[in-house]
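These are my notebook entries on one chain. I put down what I looked up, in the order in which I looked it up.

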Amino acid sequence: MEKVAVDGLNGFGMTVPDLDVAQKFYSTFGLDARRTDDGRALLCNSPGRSGDEIVLLQGDQKRLHHLSFNVAPGVVDAFARQIEASGVKVHRQAPDGWQRQGLWFEDPWGTWIHLRPVDAEALPRVEVPTHNFGGAANRVDVNLWQALEKDRKPLRIGHLLIFTSEWERAERFYSEVLGLRTTDRAAGKVAFMAAGHGVIDHHCFGLINSSHRGFQHASFQVPGFDDIGYGAWRMRDAGYGDGFGPGRHAIASNLFHYVRDPWGSWVEFYSDMDKITERWTCRDWNDLPYTWGPRWSPEFWGKEMNANLEPR
């Protein structure tokens with residue numbers, strides 16, 4: 001049987017206790033957040049993107065419902081056969097009224113997976129300022145601080161990390177069934193996984209070894225470091241001052257700043273991630289998640305954080 005693989009991350013779905021609170025948070029973050037016509041769901045996208053990167057429904061508590069990945073339209077039937085060959089039932093309609101079109105199935109831990117048939121969307125190119133890095137004089141007689149755009153929105157969702165209680169088994173499942181490729185690990189703690197062909201992001205998905213299942217963070221790409229700073233400033237001014245960053249990660253090398261959402265998990269601004277090809281070699285690392293940044297907080301990355309997020 002022909003082996004098929006997802007092309008990349010589309011987004012995720014969650015239940016949250018208050019859609020009004022969620023709409024305010026994600027709108028401030030820079031996403032287009034809008035209600036469905038019947039008002040029962042909140043749909044969030046980076047401006048200009050399709051596919052509903054985040055879908056939220058009202059629930060008693062915040063809980064991850066599904067992950068959504070993009071697949072080429074021509075491989076949908078092959079994907080259905082590949083999933084069913086692993087012993088998992090495939091559904092052609094969304095469960096519980098979630099209304100995404102495509103294939104649906106549950107992973108072994110009860111999280112729904114959605115596969116969205118779509119042709120690849122090109123990432124918009126954004127002009128960034130000229131910098132005088134490395135002793136260069138590329139920008140002369142210009143007041144950069146006056147010329148900077150202070151409210152640029154995220155370009156797209158870039159990656160998503162979840163907690164899992166069966167870390168090694170989960171890595172095998174997502175590799176074998178979805179075709180995700182492990183690109184690096186924080187030894188015994190985090191597995192980073194990529195999708196696509198050619199020159200691609202270091203990862204679009206990740207698994208964190210923890211006590212039980214749950215959502216850790218979603219990350220949205222912005223054009224540059226100043227956009228991270230302005231985004232963090234905007235969130236702080238709106239009352240979302242609990243953050244982690246700025247800094248530069250080890251392993252994937254991206255610049256980052258995380259903002260805690262109203263339910264205890266995180267949303268990240270990131271930029272300047274490593275790009276890789278099929279020549280990249282996966283390794284296990286024992287470094288901290290960042291090479292510079294704020295004082296280390298085990299609560300951010302460790303098992304302790306999952307306690308305040310989702311029910312067991």
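**Entry 1: the whole chain**

I began with contacts, taken as heavy atoms within 4.5 Å. Of the contacts in the chain with a separation of 6 or more, 69% are between residues 24 or more positions apart. The model is predicted, so I note the limits: local features need pLDDT of at least 70, side-chain atom pairs count only at pLDDT 80 or more, and totals for chains, interfaces and linings use all residues. Residues are numbered from 1 along each chain as its sequence is written, and side-chain values use heavy atoms, with hydrogens and water left out.

I then looked up the secondary structure and found 6 helices and 19 strands. Both are DSSP runs numbered from the N terminus, helices being H or I with at least four residues and strands E with at least two. The radius of gyration is 19 Å, close to the 20 Å that the globule rule gives for 312 residues, so the chain is as compact as a globular protein of that length. That radius is taken over C-alpha atoms, and the rule is 2.2 Å times the number of residues to the power 0.38. The C-alpha trace spans about 65 × 45 × 40 Å along its principal axes.

For burial I used relative accessible area: buried is under 20%, exposed over 50% and partly exposed in between, with a 1.4 Å probe and protein chains only. Buried residues come to 53% of the 312 in the chain.

**Entry 2: Arg 156**

I found Arg 156 in strand 8, residues 156-164. Is Arg 156 buried or exposed? Its relative accessible area is 18%, so I list Arg 156 as buried. Its side chain makes a polar contact with the side chain of Gln 221 at 2.8 Å. The term covers a pair of N or O atoms within 3.5 Å; within protein, one must be able to donate a hydrogen and the other to accept it, and residues adjacent in sequence count only if both atoms are side-chain atoms. Leaving aside neighbours within four places in sequence, I noted the contacts of Arg 156, among them Glu 53, Asp 201, Gln 221 and Tyr 270.

**Entry 3: salt bridges**

How many salt bridges does the structure hold? I read off 15, each being a side-chain nitrogen of Lys or Arg within 4 Å of a carboxyl oxygen of Asp or Glu. Side chains of opposite charge can pair when their charged atoms come close.

I looked up Asp 77 and Arg 92, whose closest N and O atoms are 3.4 Å apart. Asp 77 lies in helix 2 and Arg 92 in the loop between helix 2 and strand 6, so the pair ties together parts 15 residues apart in sequence. Asp 77 is partly exposed at 46%, and Arg 92 is exposed at 51%.

The side chains of Arg 213 and Asp 107 meet at 2.1 Å, N to O. Arg 213 is in the loop between strand 12 and strand 13, and Asp 107 is in the loop between strand 6 and strand 7, so this pair ties together parts 106 residues apart in sequence. Arg 213 is buried at 14%, and Asp 107 is buried at 4%.

Asp 284 and Arg 185 form a salt bridge with closest N and O atoms 3.2 Å apart. Asp 284 lies in strand 18 and Arg 185 in strand 9, so parts 99 residues apart in sequence are tied together. Asp 284 is partly exposed at 48%, and Arg 185 is partly exposed at 23%. I also noted one network of Asp 151, Lys 153 and Arg 234, joined by salt bridges that share partners.

**Entry 4: helix 5**

I checked the length of helix 5, residues 225-237.

Which residues of helix 5 are buried? They are Asp 227, Ile 228, Gly 231, Ala 232, Arg 234 and Met 235. The buried residues pack against helix 1, strand 15 and strand 16.

I looked at Ala 232 separately and found 17% relative accessibility. Leaving aside neighbours within four places in sequence, Ala 232 is in contact with His 257 and Phe 269. After helix 5 comes Gly 239, with a positive phi near 100°.

Technical notes. Expected span 1.5 Å × (residues − 1).
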